[in-house]
Amino acid sequence: MASDRPDPDRLLAEVQAEEAAQRRGHLRIYFGASAGVGKTFAMLAAARQLRDSGTAVVAGVVETHGRRETEALLDGIEVLPRRTVTVNGRSMNEFDLDAALARRPSLLLVDELAHTNLPGSRHSKRWQDVEELLAAGIDVYTTLNVQHLESLNDVVGGITGIRVWETVPDTFFDTADEVLVVDIPADELLARLAAGKVYVPEQIERAARNFFRKGNLMALRELALRRTADRIEDDVQAYRVKQAIEPVWKTEASLLCGVGPHPGGEGVIRNAARLASQLGVDWMAVYVETPRLQRLPAVAREGILRTLKLAQEMGARTAVLSGADPAVVLVDYARSHNCSKLVLGRTRTKPWLPFLPSLISRVGALAEDLDVVAVGQATTSQLAAPQSMIEDPDDASAKGRKRWRAYSWTALAVTTVALAATPLLPHLELANIVMMFLLVVVLVGVRLGRGPAVLASFLSVAVFDFFFVPPRFSFAVSDVQYVLTFAVMLAVALVIGNLTSGLRYQAKIASTREDRSRAVSEFARELSGLLETQQVIEVATRFIEAQFRGRATILVPDAQDRLDGTAVTRIEGADEGTARWVLDNAQPAGLGTDTLAGSRCLYLPLRAPMRNRGVLILKPQSRHVLLVPEQRRQLETFAYLTAISLERVHYVEVAQQALLRMESERLRNSLLSALSHDLRTPLASLVGIAESLSHSQPPLSAPQQESATQLATQAQRLASLVENLLEMARIETGETTLRRRWHVIEEVIGSAIKSARPALGNRPVEVSIARDTPLVEIDAVLIERVLYNLLENAGKYTPAGTQVRISAEPDGSSLRVAVNDRGPGVQKGQEDVIFEKFTRGVGRESSTPGVGLGLAIARAIVEAHGGRIFVASVPEGGASFVFTLPLGNPPAGPDEVEAESLPQATGGIAA
Amino acid sequence: MTAPPLTALIVEDDAPIRRFVRMALETERWNVVESATLRQGLIDAGTQKPDLVILDLGLPDGDGVDLLRDLRGWSTVPVIVLSARADEQDKIAALDAGADDYLTKPFSTGELLARVRANVRRAGTPSHHETRIFRFGDVEVDQEARVVRKGQVEVHLSPTEYRLLAFLVSNAGKVLTHRQILQHVWGPGYLDRDHYVRIHMSHLRQKLEADPAQPRYLLTETAVGYRLVEESTEPN
């Protein structure tokens, strides 16, 4: 039954979300209906409990508003000092994000999530600060009132009559790990207010009196509880998917919202967002640009674009479409994107055109299968334009000059026709002269656009009347029928002018669009052939500069993850610190974004599938370039293509290096194994033959026997020397691969003693291993080699018959293994030197055999395991060589439970 | 010794090594056949009916492991592998392919002869593990009664420990790889859990060895596997 199985894509998304959540901090929001319900109090009470159980709790910002009970709770919790910001000569306090990131507590308390930061802060909103804290892995507790939630903002405004401008996007609220509702009944809140327990600033006291009406409070309470219920619904759904309790499939259809030029577009957007989240579907917001709308004043057009931006923030995909009839365009778009619901703002029918059907009814007539949701337009004003989005004065004046020139040309054209027609007046009918003027109107419409065409129409009528219609050189008209001529001429001129300029506009839009897509395909084609990072950077920079008319630069981190500072200087005013932040946080910053919006440059992260590949910095000549969503998306597409190319180039390099490394490793390995084969084989014969000599029949004479034994011993020594040299060579090449498995250290020690027995002679070895010693993940062959070398050392430098002790015990997060002997010990000052290659504990002329590789090998092996080897001082004398091995998380042992306890910790002496 | 001499086949390309191995074996009254190549070795193994094969892994015309696989298709003759390579993976591959024991060059003749004796004795008494009481040191394993005694005192073993010990006993003298032990004692689903073997081996040593840190009978072949010997090889 296929329907019982959870969708693998969904499960994958689930797993990925869980992984992201593991790295991220945990966010808990104390959510309340209004001020005074006790959110801060509840947050502090919870934080205290955690602090008492040992969690590092730090208060980033806590607004106690002078409430004594709340202040008492804050007592004993570390409070982060605030940052002082000077605004207009007044110094004010602000939450210090960098201090919080540097302090890195486990849990940070950040009150009032919806707060708007003072100008000059990194982010414009506090929730963005919290986002960065979470991304850095810090848990955050915060508080939020229902009226600050973006999608409920206008609803609350409608209820209370008070609009707040500080809002938190719903997407952020919905990604919180936990939302705790802090709730008290309205009567109780009013009682608290009356008792003066709720802080109310004097200047807004009267407004607040209006706000804290029982009706308001009950409505707010209902909103808060409902919103939380929606959230819980989502949680339940997520849980169901995870547990496969019941397959709940989202419908594929999504929701389309049309944004119009009318005020109150945000209300429509918020409604659509709410509807989409209730239905659990994706949604899109589009704006249909008709020739008429294209002529709206810049402020109105920017208002529409801002509305689209709001939609984007609330989780919509946005697009600007163009066409003559919005109804047709919307229906086409909805069909092609599988949207079954269309949300539109309700427009008032114009009183002077009562017969003209509204957009909604036209859409309904065009597509009967589509659900059309008509949303009442709120009467609230447009969003305030952020500083960065207001048009450049330079830009505006340039446009003005251009328009002025167009109108001058129009006047000139009409005058020319009048002059040209004057000598023809005696030969031509007036009707034909009218035709000449109409021709001018058409040409002006084609060349200069709608405004000049209208001007040309009126001018033509005026000039025709003044110069050609008798009585000439007067606006008076002798024959009344000419009035009809003027009216028809004006109407025809206006209609033709409008049509031609409309066509011209369509053609312009079409060619811009074609330009954009051609630019993308050309860009992609150029990038596809490149094989070096520097080439990619050059090509991308060139393209982006040409396309967006500005200065651009691309910063790519090097192998040590450092950004190249010199590339930043290509752009005046660009800042390396911001670039670094963008790279680390994978968030855009600067012009037109929410982060450092005051900058004149836009910083875009180059996000590729595997990781961020760098930062694109663009400083456009005109800020307007980045305001059009299509333009912005174009830039993002360019950034993405660049990132993918950088990643591709990176992996080409990685593959080449890997190939090279494999090749050289193969060569080295074959050399080493050939060497070891060729050296060991004759040695094996030598050792074997020397030994069989001493056992030969008939028995050798005593001196001969002595020689044979000597031969065998020396051959053995040579063999172990070769062994050491080969081992060192293998380590020196730097590519000793550890075959780490989980081992019982006792076993490794046992094998080392067994193989070192000939070198140790009759020296007894005592082993003591702490009982709670866990398994260690080591390459047993190599660690045995370490122990063997240490034991062999003891065999060389201590008098015969003295005891050697090996002990092993866990020491913090590592295992400590010590080999102690009762010999002369290590000379003072030689403790580090003896681990060097070809260094020996005795003078060069010593009869003690060896070349001084044993300890160097031991050190290399231990360090490859992530441990340390050193000489420890022993009070009772002798040498003590200690090495440590990191303890990991050993795998689970066999399930079988051993019924009886094991014998005590081992220890014993064998000789 | 009144028994007819046994035949050993040495497959080794290095003449001096062949020579001293022959010398060593001949002191113990072995009849020795030498082959220098893999091809010749296979022919000799078929025609000479050796009682023991000593096989070098690095042969000029191929890998000794191939010969071993071929040989194991039709013969159970004990095979001792000689390897110049220090790489444990080669030894494990050879043991898993059916070798009984291995020696890393250079090796002493004493060691070689001890291994030869142990392997031939085991091969000569194929069914001892079912019938006999097996002894090593002061430990007795009574396989019929499934009882283990150390110094006449019964030692309690968990079922897994007993299975492990019994498997070692039935292959006494032979090197068993972790893989072989896991396959036999735990089953084929556990082949990557070699630490199970190590933990249980450590328990067995705690219970049966005088000094578990310096075992005399339950020996470790580092990174390769384990071997149970009947006689302590420690110089005492």
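Predicted model: local features only at pLDDT ≥ 70, side-chain atom pairs only at ≥ 80, totals over all residues.
Side-chain values use heavy atoms, without hydrogens or water, residues are numbered from 1 along each chain, and chains are lettered from A in the order written.

Leu144(A) also sits among the members of the largest nonpolar core, 56 residues in total, that touch the most other members; Ile29(A) and Phe31(A) are in that group too. Such a core is a set of buried Ala, Val, Leu, Ile, Met, Phe, Trp, Tyr and Cys residues joined through side-chain atoms within 4.5 Å, with buried meaning under 20% relative accessible area (1.4 Å probe, protein chains only). A second, separate core has 46 residues, including Met728(A) and Leu815(A).

Now for the interface. Here 50 residues of chain B contact 49 of chain A, and the buried area is about 4,200 Å², 58% of it from carbon and sulfur atoms (accessible area, 1.4 Å probe, lost on putting the two parts together, summed over both). The rule finds 2 salt bridges across the interface, that is, a side-chain nitrogen of Lys or Arg within 4 Å of a carboxyl oxygen of Asp or Glu. Arg741(A) pairs this way with Asp194(B), their closest N and O atoms 2.7 Å apart.

Technical notes: Buried < 20%, exposed > 50% of the residue type's maximum accessible area, 1.4 Å probe, protein only. Contact = heavy atoms within 4.5 Å.
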